[in-house]
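Reader: I have a model open and want to go through its packing before I set anything up. Can you walk me through it?

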Amino acid sequence: MSDLTLVLLAAGSSNRFDMGVKKQWLRIDYKPLWQFVADNFNQTQRFSQIIIVSSSDDIAFMQNYTDYTLVEGGNTRQQSLKNALKYVKSSYVLVSDVARACISETLIQRIIEEKSDYDCVVPYLKVTDTIVYENATIDREKVKRIQTPQLSKTTVLKSALERSEEFTDESSAIVANGGSRGYVLGDEDAHKITFVHDLNELPCLQAPSNDTFSGNGFDVHAFDDKGEMYLGGLKIDVDYGFKAHSDGDVALHALIDALLGAAGMGDIGMLFPDNDANYKGIDSKELLTQVVDKLYNYGFVIVNADITIAAQKPRLALYKDSMRKIIADILRIDKARVNVKATTTEKLGFIGREEGVGVIANANLKYFNWKKIG
């Protein structure tokens, strides 16, 4: 059994990435980046456990992809690491960042070979440019560019992180706490993804799969003699509404389920429970906006949406085009990619008896193609 655990840090917000998608969710073929990186480490068969640290919101979706141990991160990199270390039982721990996507097995081997000689082993790159600090030229032979992954003795790292200071890497915390740091030559291909242009410097990354993902949604709501009716994002000019926890917009609810279905993200009741007071009477356009934000953050783009509203009443012919415009704006796609149809049930069933409305929606997604931008 290996005495080494991998901790992969993936809880960042990607604020500097500025691409409309979290970098950890960029697809490499069909895998999100965090899974691609974790699987590459796992293939080396050197780890007794792999722990991935991410945001609580992301973890709910990540569970659909993997059986790795998932841990909620903190407000800082250091706090995220401390959270992960609570689950580490091995003598040694290798810490890396999901943003360093192209870590070779050769580099991992170089690090592991030195583990017994130091409290922390780090890869570094030599500096070839002239270095100036506060107008003084520094001997570049004495300067090192430190990378991850970094291998530490678990007990030493846990102790070092109890200090009040914030450190940018594990080795700095260990050295500040009196520990030893050893160096091995790093790898230019272990370049960190910070900005969009960094993607061009990573040869191991394939373009995302060109697959299309389809989902459907179905919802019904009964009429209510009181209240107002909202349908397709519009207030409908009638003197009755829907019985519902939210505003009852059955068309947007069906569309939300279609989008979630295409992405494999569950259903509307999982994200917005009808027993949660936060969603009492909420505008369904806000719910749809939140779902769309998640989709784009998780590396999807919306191709199109098709909605069929089955209603004996009210009559919707005059509203359909405005619905398309509102929905398209929320989905961030052209109006031509949104279709809204209205039909009756020829007076059959609960819809035909004018007791409520039913809606079927379909949506298609693709992966965000970062290759076209990066």
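Reader: Conventions first, what are they?

Author: This is a predicted model: local features need pLDDT of at least 70, side-chain atom pairs count only at pLDDT 80 or more, and totals for chains, interfaces and linings use all residues. Residues are numbered from 1 along each chain as its sequence is written, and side-chain values use heavy atoms, with hydrogens and water left out.

Reader: ok, how many aromatic pairs does a search of the whole structure find?

Author: The search finds 15. Rings of Phe, Tyr and Trp (its six-membered ring) pair if their centres lie within 6.5 Å; planes under 30 degrees apart are stacked, over 60 edge-to-face, and the rest tilted. One of the pairs is W25 with Y298, tilted, at 4.7 Å centre to centre and 40 degrees between the planes.

Reader: Where do W25 and Y298 lie?

Author: W25 is in the loop between β1 (4–9) and β2 (27–28), and Y298 in the loop between α9 (284–297) and β17 (300–310), so the pair ties together parts 273 residues apart in sequence. Helices (H or I, at least four residues) and strands (E, at least two) are DSSP runs, numbered from the N terminus.

Reader: Does W25 count as buried or exposed?

Author: W25 counts as buried, at 0% relative accessibility. Y298 is buried as well, at 2%. Buried means under 20% relative accessible area, exposed over 50%, partly exposed in between (1.4 Å probe, protein chains only).

Reader: And what about F61 and Y298?

Author: Their ring centres are 5.0 Å apart and the planes are at 25 degrees, so that pair is stacked. F61 sits in helix α2 (residues 56–62), 237 residues from Y298. Ring pairs join W25, W34, F61, Y65 and Y298 into a cluster.

Reader: Switching topic. Which cysteines form a disulfide?

Author: C102 and C204, with sulfur atoms 1.9 Å apart; the cut-off for a disulfide is a pair of cysteine sulfur atoms within 2.5 Å. The whole structure has one disulfide by this search. The link is left-handed, with -80 degrees about the S-S bond. C102 lies in the loop between β6 (92–97) and α4 (105–113), and C204 in the loop between β12 (181–185) and β13 (212–224), 102 residues apart.

Reader: How accessible is C204?

Author: C204 is partly exposed, with a relative accessible area of 28%, while C102 counts as buried at 8%.

Reader: Now α7. What should its 14 residues span?

Author: Helix α7 (residues 250–263) should span 20 Å, and its end C-alpha atoms are 20 Å apart, which agrees. The expected span is 1.5 Å times one less than the number of residues. Of the 14 residues in α7, 13 are buried. G264 follows α7, with a positive phi near 70 degrees.

Reader: Which residues of α3 are buried?

Author: In α3 (residues 77–85), they are Q78, S80, L81, N83, A84 and L85. Their cover includes β1, β4 (49–54), β5 (69–72), β6, α5 (154–160) and α6 (170–176), with contact meaning heavy atoms within 4.5 Å.

Reader: Last one: which residues touch the most other members in the largest nonpolar core?

Author: I52, L205, L259, I309 and L331, out of 96 residues. The largest share of this core, 11 residues, comes from α7. Apart from it lies another core, of 19 residues, among them A84, V88, V93 and I174. A nonpolar core is a set of buried Ala, Val, Leu, Ile, Met, Phe, Trp, Tyr and Cys residues joined through side-chain atoms within 4.5 Å.
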